[in-house]
Amino acid sequence: MKHLSYIRIVKCECMIQAFLTYMQYEKNRSSHTVLSYKTDLLEFQDFISGRPVQEATVQDVRGWVVSLMNAKVSPRSVNRKLSALRAFYGYLFRKGIVQENPMRKISALKTEKKLPTFFRQDSVEAASMPQGDDKTEFAAARDALIISMFYETGIRRAELIGLKAADVNLSSRTIKVLGKGNKERIIPVGEKISEEIDGYNKIKCKFVGKTEWFFCRDDGKPLYPMMVYRIVHELMARYSTLQKCSPHVLRHTFATALLNEGANINAVKELMGHANLAATQVYTHLTFEQLQKIYKLAHPRAYKN
């Protein structure tokens, strides 16, 4: 009996691995997403007392949700875990491994919408000026350009790290970005940042030499996520009162600035590399706030005497 139980568990682990391989190589999910899926699936398997996950029922999933909520796990995190199960059981159902999809009757939890924060323009302008301090000329120029690049292109941190020198074309003033799902997109850049890029390239050539990476360390090797975060946090924290000074907030700032200046939301979606419009619409509340401010300042009946 124990032998049969062991075989079932091994088959289950093979199915999970096959699913993870499918998500990474067929669906082009990031390694971070695949790792999260694996963690969530193993956690769920542990919750159902080690039974094979293909035998789980709707009641098992609901019981897991209740246990997570009792453990004070946030609704947003619970929904992320449910998303992993939803993708997994959808995969098993399509493969004919399960006859019933236990996620069919499971709804996502309601979550409080967090409005994206953004930096003031003057804060970004100040941070994007090369800071002397104890940095080398190369590091100062690179770090300042990183701020400008996030603010003026809206690219993701992973996209910035993955930029190759050949991806930045000053003749056409465009940047080729490899986004989520290995989808390429072309982002136009303005005259000001083009001049900054040209200056940075000359300094990089002088201090680093030839390297395939656009942004790099002193030895020519690529940057890494925590390094980029620290660079942005250090510079933006000097000029902003926001608690969170991250690359993602600069991305929010890019989208907000475009929409507040009247940019078409579909155009912003393409520039951001969003898969659907819903991801871009979260920024429109800021445009509405801008309209309210203009109304209050301009309309004679906006305020009571």
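In this predicted model, the largest nonpolar core holds 39 residues, of which M149, F214, F215, M236 and L250 touch the most other members. Two or more residues of this core come from each of α5 (121-127), α6 (137-153), α7, β2 (174-178), α8 (191-207), α9 (225-239) and α10 (247-260), and α6 gives the most, with eight residues.

- Apart from neighbours within four places in sequence, F215 is in contact with R142, L145, I146, M149, L160, L163, Y200, P222 and L223.

- β1 and β2 pair in the antiparallel sense over two bridges, with V168 having I175 of β2 as its bridge partner.
- Four residues lie between the strands in the hairpin of β1 and β2, where R173 takes a positive phi near 55°.
- β2 is also joined by five bridges to β3 (residues 184-188), with the two strands running antiparallel, and here I175 has I187 as its bridge partner.
- The hairpin of β2 and β3 has five residues between its strands, and G181 in the turn has a positive phi of about 70°.

**The surroundings of D167**
- D167, which lies in the loop between α7 (157-161) and β1 (168-169), is buried yet has no salt bridge, the nearest side chain of opposite charge being that of K176, 4.1 Å away.
- The side chain of D167 reaches the backbone nitrogen of K164 at 2.8 Å.
- Leaving aside neighbours within four places in sequence, the contacts of D167 are with G162, T174, I175 and K176.

Technical notes: Residues are numbered from 1 along each chain as its sequence is written. This is a predicted model: local features need pLDDT of at least 70, side-chain atom pairs count only at pLDDT 80 or more; totals for chains, interfaces and linings use all residues. Side-chain values use heavy atoms; hydrogens and water are left out. Buried means under 20% relative accessible area, exposed over 50%, partly exposed in between (1.4 Å probe, protein chains only). Lys and Arg count as positive and Asp and Glu as negative; His and the chain ends are not counted. A salt bridge is a side-chain nitrogen of Lys or Arg within 4 Å of a carboxyl oxygen of Asp or Glu. A polar contact is a pair of N or O atoms within 3.5 Å; within protein, one must be able to donate a hydrogen and the other to accept it, and residues adjacent in sequence count only if both atoms are side-chain atoms. Contact means heavy atoms within 4.5 Å. A nonpolar core is a set of buried Ala, Val, Leu, Ile, Met, Phe, Trp, Tyr and Cys residues joined through side-chain atoms within 4.5 Å. Two strands pair if DSSP finds at least two bridges between them.
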